[in-house]
Amino acid sequence: MVNKGVLSTRPVYSSRAPKPIGPYSQAVLVDGWLFVSGQIPVDPATGEVVRGDFRSQVTRVLENIKAIVEDAGGTLRDVVKVTVYLRDLSRVGEFNEVYAKYFGESPPARSLVGVSDLPRGVDVEVEVIARLKSGSGGE
């Protein structure tokens with residue numbers, strides 16, 4: 001008998017990404033769908049925000065996301081939706097240059113939102129949704 005209405009849900013944590021700075025999981029895996037919490041440019045080795053060059057900050061964010069997705073059993077090719085939060089929309093071009101290195105071949109759907117502030121005063125935050133293939137930790 002199928003137990004309708006009950007989802008298979010588990011939190012996902014990666015030691016290669018920063019620990020959450022609040023009461024939330026790095027990601028949650030729900031019946032093969034991976035929902036990755038917003039990632040900011042925090043170095044997982046130090047727990048400190050990466051300062052300085054904007055491109056380095058974007059790279060750190062995307063590396064954190066990559067680590068979480070991989071540790072859940074997927075790859076960045078499994079990402080189907082990305083939401084980007086930027087404090088300065090004039091940096092979209094710089095953001096896209098780095099982003100294309102991670103998602104250039106077949107980019108997922110994406111929303112980009114300008115915001116007045118982000119946690120710890122950072123300039124960028126990114127969250128993703130991925131659909132993990134059967135047999136890759138997703139089901």
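Ser-90 is found in the loop between β4 and α2, where helices (H or I, at least four residues) and strands (E, at least two) are DSSP runs numbered from the N terminus. The model is a predicted one, in which local features need pLDDT of at least 70 and side-chain atom pairs count only at pLDDT 80 or more, while totals for chains, interfaces and linings use all residues. Residues are numbered from 1 along each chain as its sequence is written, and side-chain values use heavy atoms, with hydrogens and water left out.

Ser-90 counts as exposed because its relative accessibility is 62%; buried denotes under 20% relative accessible area, exposed over 50%, and partly exposed the range in between (1.4 Å probe, protein chains only). The side chain of Ser-90 is joined to that of Asp-88 by a polar contact of 2.6 Å. Such a contact is a pair of N or O atoms within 3.5 Å; within protein, one must be able to donate a hydrogen and the other to accept it, and residues adjacent in sequence count only if both atoms are side-chain atoms. Between Ser-90 and Val-49, the separation is 41 residues in sequence and 21 Å in space, C-alpha to C-alpha.

Helix α2 spans residues 92-103, and its buried residues are Phe-95, Val-98, Tyr-99, Tyr-102 and Phe-103. Viewed down the axis of α2, these residues fall within an arc of 125 degrees, so they line one face of the helix; the arc is that of the directions from the helix axis to the C-beta atoms. The buried residues of α2 pack against α1 (54-71), β4 (79-86), β5 (109-114) and β6 (124-131), contact being defined as heavy atoms within 4.5 Å.

A search of the whole structure returned 2 aromatic pairs. Tyr-99 and Phe-103 form a tilted aromatic pair, with 4.8 Å centre to centre and 35 degrees between the planes. For this assignment, rings of Phe, Tyr and Trp (its six-membered ring) pair if their centres lie within 6.5 Å; planes under 30 degrees apart count as stacked, over 60 as edge-to-face and the rest as tilted. Both Tyr-99 and Phe-103 belong to helix α2, where they are 4 residues apart, about one turn of the helix. An α-helix has 3.6 residues a turn, so residues three or four places apart point the same way. Both residues of the pair, Tyr-99 and Phe-103, are buried. Together with Phe-95, they form one aromatic cluster. Arg-110 lies over the face of Tyr-99, at 4.7 Å from the ring centre; the criterion places NZ of Lys or CZ of Arg within 6 Å of the ring centre and within 35 degrees of the ring normal.

The largest nonpolar core contains 29 residues, of which Leu-34, Ile-65, Val-79, Phe-95, Val-124, Val-126 and Val-128 touch the most other members. A nonpolar core is a set of buried Ala, Val, Leu, Ile, Met, Phe, Trp, Tyr and Cys residues joined through side-chain atoms within 4.5 Å. At least two residues of this core are supplied by each of β2 (27-30), β3 (33-39), α1, β4, α2 and β6. The largest share, 7 residues, comes from α1. Apart from this core lies another, of 5 residues, among them Ile-40, Val-42, Val-49 and Leu-118. With neighbours within four places in sequence left aside, Phe-95 is in contact with Phe-54, Val-58, Val-84, Leu-86, Arg-110, Val-124 and Val-126.

Ser-14 is located in the loop between β1 (9-12) and β2, and counts as buried because its relative accessibility is 5%. The side chain of Ser-14 makes a polar contact of 2.6 Å with the side chain of Asp-71. Beyond residues up to four places away in sequence, Ser-14 touches Gln-26, Ala-67, Ile-68 and Asp-71.

Positive phi values in residues other than glycine include those of Asp-31, near 45 degrees, and Arg-120, near 60 degrees. Asp-31 lies in the loop between β2 and β3 and, at 36% relative accessibility, counts as partly exposed. Arg-120 is found in the loop between β5 and β6; with 37% relative accessibility, Arg-120 counts as partly exposed.

Val-80, in strand β4, counts as partly exposed at 39% relative accessibility. Leaving aside neighbours within four places in sequence, Val-80 is in contact with Trp-33, Pro-108, Ala-109, Ile-129, Ala-130 and Arg-131.
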